[in-house]
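Subject: Structure for you to look over

Hello,

Here is the structure I said I would pass on. Please open it first and read the notes with it in view.

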Amino acid sequence: MTPPPFPRDIAALTGLRYLAAAWVVLFHYTHFTAVPGIEAIPVLGQGYLGVDFFFVLSGFILTHVYLPQIQRGAFNYWSFLVKRFARIYPMHLVTLAVFLLLAVLAQRGLLRADVWLGADALEPEQRNAAMRAFVAHLTLIHAWGATSQLWLNQPSWSISAEWFAYLLFPIFIVARRHLPGGDGARVVIVAAFFLLLALAIDKLLHTELTRLTWNVGILRIVPEFMLGMILYRFGETRSAGARLAPAGFAASGAAVVALLTVGATVAKTLAPACAALAVLGLAGLVFFAADAARYRALRFWSAPLPVYLGEISYSVYMVHLAVGLILFTGLFPMWRPADVPGALLALITGIALSTLIAMASYRWIEIPCRRWLVARAAMFTKPEAPHVS
């Protein structure tokens with residue numbers, strides 16, 4: 001029996017976006033504290049995996065939005081790229097300018113930047129590499145192996161990886177169609193490919209797939225984006241049902257926490273494997289949240305406040321490092337709490353300020369710039385000839 005279709009607007013997935021962004025923010029802000037071993041705290045210390053959640057989510061949502069156009073042969077690649085570019089580039093450009101200013105302040109000794117790898121961008125011995133990195137940032141290729149390290153707005157590497165996936169979206173569509181078996185078998189194939197790739201990178205490069213950033217971070221998004229696409233197609237014809245979908249969501253979240261706890265405490269040598277398996281758990285969160293939305297479950301994540309926070313989550317993600325640097329190394333350079341209560345206060349303060357600034361940037365930068373770019377691009381689109389019957 002074919003399940004009900006996914007709702008046009010899967011609000012719960014929007015609500016979860018803020019949770020994933022906050023996870024990344026908290027992970028980065030631990031570097032502004034002096035609590036011994038705070039990065040090793042289970043779950044908190046693996047907040048970088050919030051990016052992997054976004055990669056799976058992107059594949060799922062873009063398939064949801066554009067599959068009807070693809071199926072009727074009406075997919076417009078130019079329009080697709082324009083909308084994706086307009087979605088990510090304005091905030092990227094604005095925060096890039098902010099980080100150039102922060103580099104100037106760091107060079108003049110007005111900003112303590114010991115936790116920011118791009119602080120020496122204007123030093124004479126770094127200027128050539130920094131200039132190449134700046135051009136790579138402008139052209140959104142700084143996760144393609146085009147730089148020597150993370151520079152400027154370091155988290156923006158993931159935006160470069162997203163842009164790579166957008167450019168290859170038609171190829172992903174063709175690749176999905178040519179995978180063997182049905183949709184269930186394809187989910188297994190893509191998940192297995194992801195795990196094998198993670199194992200290969202761990203053994204050959206001695207690093208984790210889920211930690212690749214500037215060093216060809218595009219390898220990280222490819223299997224995860226494809227997994228999101230395949231999960232969507234799988235969910236079109238299969239559902240856990242009104243009762244089991246919320247249970248699957250809860251079980252996926254519990255599995256992520258359990259895996260990361262084991263990797264951080266019980267079996268640290270298995271931490272890379274646990275992180276990779278946790279990504280599959282995050283994919284489960286995406287699938288079951290969307291599945292539950294068919295039955296109007298998970299109402300908390302579909303409520304107006306979580307949905308609004310999800311809408312501004314991109315701005316939160318893009319501004320949070322600048323907010324942290326200004327707050328903890330500019331305004332209060334000595335505020336490096338070494339006690340847990342003080343550290344928690346610092347983390348909450350930082351994410352609250354990031355959210356407030358994101359509310360403003362979403363309203364005054366993201367939305368108007370997105371509309372302006374889409375409108376300008378429409379001027380270069382040839383209008384369809386009127387149909388004469």
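The model is predicted: local features need pLDDT of at least 70, side-chain atom pairs count only at pLDDT 80 or more, and totals for chains, interfaces and linings use all residues. Residues are numbered from 1 along each chain as its sequence is written, and side-chain values use heavy atoms, with hydrogens and water left out.

Helices here are DSSP runs (H or I, at least four residues), numbered from the N terminus. Buried means under 20% relative accessible area, exposed means over 50%, and partly exposed lies in between (1.4 Å probe, protein chains only). Among the buried residues of α5 are W157, W163, F164 and Y166. The buried part of α5 packs against α2 (50–71), α3 (77–107), α6 (169–177), α8 (218–237) and α12 (313–331); contact means heavy atoms within 4.5 Å.

N153 sits in the loop between α4 (127–138) and α5. N153 is buried, with a relative accessible area of 1%. Leaving aside residues up to four places away in sequence, N153 touches T95, F99, M318 and L321.

A nonpolar core is a set of buried Ala, Val, Leu, Ile, Met, Phe, Trp, Tyr and Cys residues joined through side-chain atoms within 4.5 Å. The largest one has 110 residues, of which L13, L49, F53, F60, W157, F169 and F225 touch the most other members. Helix α10 (residues 271–293) gives the most to this core, with 13 residues. L49 touches W23, T210, L260, A275, A278, V279 and L282, again not counting residues up to four places away in sequence.

The axes of α2 and α10 come within 9 Å and cross at roughly 40°. Axes are lines fitted to C-alpha atoms, for helices over the stretch in contact, with angles from 0 to 180 degrees between N-to-C directions. The two helices α2 and α10 are therefore oblique to each other (angles under 35 degrees count as roughly parallel, over 145 as roughly antiparallel, 65 to 115 as roughly perpendicular and the rest as oblique). On the α2 side the contact is made by D52, F53, V56, L57 and F60, and on the α10 side by V279, L282, A283, L285, V286 and A290.

Lastly, L101 lies in helix α3. At 52% relative accessibility, L101 counts as exposed.

Regards
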